[in-house]
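Q: I'm new to this one. Can you walk me through a pair of helices?

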Amino acid sequence: MKLSLFVSVVHPCRRRLHSSPLPCKLLVELPLDVDKSELVATLRVRDVLSSQRRPEHKTTDASRFYDEQHVKRYLDRAKSREIQMALNRTAIELLHLPSAASPQLVLDVGHGPGFSSALLTERGHLCIGVDPSPAMACRAASGGAVCILSDALHPTLFRAGVFDAAICISVLQWFCNCRVGVRQSSLNVATLVEGLTHCLKDNGKAILQYYPDSFSNLVLFVDTLRRVGGLRGTISLFDFAPFRTGKKIFISLFKAVHSK
């Protein structure tokens, strides 16, 4: 597997990346092993499916979609930056990392332009990102982040048990959606979560954020998480009221000590 590392010691884009955190409210929290019918019934009444046409409905290749032109357009949109900063802030808060006196090493799968790196550095922690888009990885490096250009589905490129925690924001919908299909969606999610289990330390925690395009794919996604051994967790729904599509699903996963 060919890898490229993008890293810079300067941070010219950090001021641009920062936005004030937007308030979010926890609406519901369910155990990962919740009954399927209860899961669907609980989330259906809260209107979690977006009616917007998303990039992953146009193509299954995020690395090609996010070329330099799309990345520039993405970062030029204040609303896009605000949403991503809010999602990353929420994920980092859900990790419950210790203080800067005990710096943690965090993996960001689907790192993008470096929102998480900026936030984690502020808190005294370290972040290594993985992203399949050369344009995104270059933008991240220009902002001082460490980002590896690689398929986000294979975090096993790291040695076992090296990360204290992991986050994955606005990525899973590329791997698990109607366009990809049932079989490949299940395989993609299993591959990603097995990779996270591999590179997380025992008792490590991962926060995954997911935009389901159907309730059947949401059930498929949760079923696959259950099937991957050594993980326990919760499914949380937050309301980001300032956004038109304000409801966001976060999954908290914990690696059990006995996981291999």
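A: First, some terms: axes are lines fitted to C-alpha atoms, for helices over the stretch in contact, and angles run from 0 to 180 degrees between N-to-C directions. Helices (H or I, at least four residues) are DSSP runs, numbered from the N terminus. This is a predicted model, where local features need pLDDT of at least 70, side-chain atom pairs count only at pLDDT 80 or more, and totals for chains, interfaces and linings use all residues. Residues are numbered from 1 along each chain as its sequence is written, and side-chain values use heavy atoms, leaving out hydrogens and water.

Q: At what angle do α9 and α10 pack?
A: About 40 degrees, and the axes of α9 and helix α10 (residues 215-227) are 9 Å apart.

Q: Which residues make the contact?
A: From α9, V182, S185, S186, V189, A190 and V193; from α10, L220, F221, T224, L225 and R227. Contact means heavy atoms within 4.5 Å.

Q: Take V189. Is V189 buried or exposed?
A: V189 is buried, at a relative accessible area of 1%. Buried means under 20% relative accessible area, exposed over 50%, and partly exposed in between (1.4 Å probe, protein chains only).

Q: What does V189 touch?
A: C176, F221, T224 and L225, not counting residues up to four places away in sequence. V189 and L225 are 36 residues apart in sequence, with their C-alpha atoms 7.5 Å apart in space.

Definitions and conventions: Helices (H or I, at least four residues) and strands (E, at least two) are DSSP runs, numbered from the N terminus.
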